[in-house]
Amino acid sequence: MEKTEKDFIKLTSDPLILQDIVDLVKDDQAGAISTFCGTTHKTVVRLEYESYIPMAEKEISSIITDVRSKWELTKVAVHHRLGIVPVGETSVIIAVSSVHRNESLKAVEWLINTLKEKVPIWKKEIYYDGSSWKENTKSKCC
Amino acid sequence: MSKEFTILYFASARDAINISSEIISIPATSSSLSLQDLTNLLNNRHENLVKILENSMFAINMQYVDKDDESIMVKPGDEVAIIPPVSGG
């Protein structure tokens, strides 16, 4: 059960608050906390995210297992927002703690890149005159 | 005995056919479907899906499968998902 106390996965329609997620990965043993926030930029009216939620949770859990095999990490949190995300708000936050900074810095970059390739979450961009589903460049494909 | 599986459509796949899920019967002549059989069956049911399927992954019971693996079969009770290119983050 140790794993469930050290890994935090959430897909939610609520706003993401960086400090709350940093607090999840704080640990007396960890001298470093590294974070990544993905934010909606201003070329769109809003974004709408949807997910195959149970599989997305399973994939995130699997990439956390992978990242832990690459670097020695203390705690890992991956929170992704779903539904409508207005411009300027945060769509994803990743926070990782480790004893020294090198591991958590590398892990955060690897986690966001891998999440964007593999996790079944989709983003629809809504413009003033229409909408389109986006595709991440390295998105896992046939 | 019913020989049905569930299929889930997401994002562009769902928008193309306006269906998010359906239950499909495996043809009476077989006990399971290869991924090529599945692709043919879906293309026949939904012509708007043809292009999207070419660029999509399949997941069976929440596990990505290799579309070229001829040994993978869809069996009764499976949950199959059409996964268009993802765009999380």
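This is a predicted model: local features need pLDDT of at least 70, side-chain atom pairs count only at pLDDT 80 or more; totals for chains, interfaces and linings use all residues.

**The sheet of chain B and its surroundings**

Modeller: Tyr9(B) has Ile82(B), a residue of strand S7, as its bridge partner. As a general point, the strands of a sheet pair through backbone hydrogen bonds, and the pairing may be parallel or antiparallel.

In chain B, five strands form an open sheet, and their order is S2-S1-S7-S4-S5. At its edges are strand S2 (21-25) and strand S5 (63-65) of chain B, each of which pairs on one side only. On average, and with direction ignored, neighbouring strands of the sheet are turned by 30° against each other.

Strand S7 also leads us to the other chain. In total, 18 residues of chain B are in contact with 24 residues of chain A. On the side of chain B that touches chain A, at least two residues come from each of helix H1 (11-17), strand S4 (57-60) and S7.

The nonpolar core is the next topic. The largest nonpolar core holds 54 residues, and those touching the most other members are Ile94(A) and Phe10(B). Which residues does Ile94(A) touch, if those up to four places away in sequence are not counted? They are Thr35(A), Phe36(A), Ala77(A), Val78(A), Val108(A), Leu111(A) and Ile112(A).

Finally, chain A itself deserves a description. Its secondary structure consists of four helices and eight strands, which follow one another along the sequence as α-β-α-β-β-α-β-β-β-α-β-β. Chain A has a radius of gyration of 15 Å, close to the 14 Å given by the globule rule for 142 residues, and it is therefore as compact as a globular protein of that length. Taken along the principal axes, the box filled by its C-alpha atoms is roughly 50 × 35 × 25 Å. Of the 142 residues of chain A, 36% count as buried. Among the contacts in chain A between residues at least 6 apart in sequence, 77% join residues at least 24 apart.

Technical notes:
Residues are numbered from 1 along each chain as its sequence is written. Chains are lettered from A and ligands numbered from 1 in the order in which they are written. Two strands pair if DSSP finds at least two bridges between them. Axes are lines fitted to C-alpha atoms, for helices over the stretch in contact, and angles run from 0 to 180 degrees between N-to-C directions. A nonpolar core is a set of buried Ala, Val, Leu, Ile, Met, Phe, Trp, Tyr and Cys residues joined through C-beta atoms within 7 Å. A residue is buried if 20 or more other C-beta atoms lie within 10 Å of its own, exposed if 12 or fewer, and partly exposed in between; C-beta atoms are placed from the backbone. Two residues are in contact if their C-beta atoms, placed from the backbone, lie within 7 Å. The radius of gyration is taken over C-alpha atoms; the globule rule is 2.2 Å times the number of residues to the power 0.38.
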